[in-house]
Amino acid sequence: MSLPAAGGIDVLVSEVGPRDGLQNARQFMPTEAKCGWIDAAVAAGLREIEVCSFVPPKLIPQMVDAEQVSRHALGHPGLTVAALAPNLKGAARAMGVGVHKITLPISVSRRHSLANVRRTTEEAIAEAGRICAARDALPPDSRPRIEAGLSTVFGCTIEGRVDEEQVVRDAVACVEAGVDEVGLADTTGMANPEQVRRVFRKVRAAIGDRLGGAHLHNTRGFGLANVVAALEADVRTFDSSLAGLGGCPFAPGATGNIVTEDLVFMLEEMGLRTGIDLDRLLAIRALLRAAIPEEPLYGYVAGLDAGSRTSMCEARGVRP
Ligand code: COA
Ligand code: ZN
């Protein structure tokens with residue numbers, strides 16, 4: 001555990017709910033509610049939010065307002081506004097709005113790649129190269145950070161086992177294509193802690209500080225155990241989703257992301273600073289309940305009474 005995150009925090013929690021959480025939601029969340037969620041998340045101390053994906057609205061109608069939501073988020077000084085883009089067209093839209101970070105989903109599972117982006121993994125990496133060339137054509141101060149979000153790294157519900165050496169080869173190929181960082185995603189929630197520790201270490205050995213964060217799902221309930229394993233492999237950035245919303249519509253059986261509230265609580269209890277106010281974070285659940293009442297909200301810490309969770313944190317001296 002040796003790599004401190006910047007800005008007076010130890011771990012960067014990157015909220016992906018407005019993208020990963022909503023892409024699978026049955027109900028459309030009105031634009032105003034999405035913007036309200038982002039505002040409340042910033043007020044709670046979140047420093048990075050993946051606010052949308054730039055995908056064809058016909059395919060994922062929930063993301064029809066991607067430009068509007070991004071522009072709203074960009075009004076928050078100091079917030080890193082991230083977005084997902086599956087192809088050059090999506091990345092061009094994201095660059096047009098001026099988001100700070102663009103995540104490109106690149107599946108290690110060859111069959112998931114075809115299901116998700118209708119391209120082979122090799123074609124997706126070649127597209128990443130074209131996106132990086134488009135980034136490089138921008139003036140230096142308006143270039144977004146490009147992340148290859150390697151997905152189905154730890155297992156695939158379509159293909160089964162995923163070869164770890166293939167993960168390493170794909171990570172290297174993404175770096176050669178020009179991406180700034182490579183994050184590793186357990187899209188399906190099939191990872192176990194031993195595997196997480198091992199694979200992050202292997203990829204770090206191959207690409208060094210180009211290794212980005214961990215994107216974990218909680219399908220089998222291993223999510224927070226996998227966070228601890230990733231911490232042991234010096235990972236300091238974690239994606240998570242408020243109330244554990246989420247899941248890939250093109251990975252059958254995958255359920256929600258790890259729960260932001262539980263992640264923050266666990267990290268703070270471990271003495272790792274996130275800069276996030278847990279009470280304010282928990283209060284945002286009411287906004288979700290009102291805007292998308294049909295979606296189940298997950299998480300353990302939300303069920304604890306305020307007294308016990310405050311005293312636990314304060315006793316450890318990690319709360320302001
Ligand atoms: N934004 C808006 N429109 C887009 C677009 C984008 N990023 N990419 C393509 N389109 C439009 C094209 O202009 C074309 O429009 P037309 O029919 O009016 O001419 C249409 O969509 C089809 O384009 P095509 O390039 O043939 O795309 P495709 O049908 O092969 O789909 C992807 C490829 C990558 C766009 C699609 O599979 C996708 O968005 N996948 C991501 C799914 C996802 O978000 N998964 C969860 C997150 S990991
Ligand atoms: Zn995900």
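Just after helix α9, D234 takes a positive phi of about 70°. The structure is a predicted model, in which local features need pLDDT of at least 70, side-chain atom pairs count only at pLDDT 80 or more, and totals for chains, interfaces and linings use all residues. Residues are numbered from 1 along each chain as its sequence is written, chains are lettered from A and ligands numbered from 1 in the order in which they are written, and side-chain values use heavy atoms, with hydrogens and water left out.

Back to D234: this residue, which is not a glycine, is found in the loop between α9 and β8. Helices (H or I, at least four residues) and strands (E, at least two) are DSSP runs, numbered from the N terminus.

Setting aside neighbours within four places in sequence, L224 is in contact (heavy atoms within 4.5 Å) with I258, D262, L263 and M266. L224 and P193 are 31 residues apart in sequence, and their C-alpha atoms are 9.1 Å apart in space.

Now for ligand 1. A residue is near a molecule or strand if one of its heavy atoms lies within 4 Å of it. There are 18 residues around ligand 1, and N87, K89, R93, N116 and R118 come nearest. The shell divides into 10 nonpolar, four polar and four charged residues; Ala, Val, Leu, Ile, Met, Phe, Trp, Tyr, Cys and Pro count as nonpolar, Asp, Glu, Lys and Arg as charged, and the others, Gly among them, as polar. Helices α1 (17-23), α4 (88-97) and α5 (110-117) each supply at least two residues of this shell, with α4 giving the most, three residues.

Some atom pairs can be picked out. A backbone N or O atom of F54 lies 2.9 Å from a nitrogen atom of ligand 1, while a polar side-chain atom of N87 lies 2.8 Å from a nitrogen atom of the ligand. An N or O atom in the side chain of K89 is 2.9 Å from an oxygen atom of ligand 1. The protein covers 67% of the 940 Å² of accessible area (Shrake-Rupley method, 1.4 Å probe) that ligand 1 has on its own.

R118, one of the residues that come nearest to ligand 1, is not a glycine and yet has a positive phi of about 60°. R118 lies in the loop between α5 and α6 (121-136) and counts as exposed because its relative accessibility is 63%.

Ligand 2 is a zinc ion, and its protein donors are D20 (OD), H215 (NE2) and H217 (NE2), lying 2.0 to 2.2 Å from it. Donors are N, O and S atoms within 2.8 Å of the metal (3.2 Å for Na, K and Ca); water is not among the atoms, so sites may look incomplete. Along the chain, the donors follow the spacing D-x194-H-x1-H. Both histidines, H215 and H217, are buried.

Definitions and conventions
Buried means under 20% relative accessible area, exposed over 50%, partly exposed in between (1.4 Å probe, protein chains only). A polar contact is a pair of N or O atoms within 3.5 Å; within protein, one must be able to donate a hydrogen and the other to accept it, and residues adjacent in sequence count only if both atoms are side-chain atoms.
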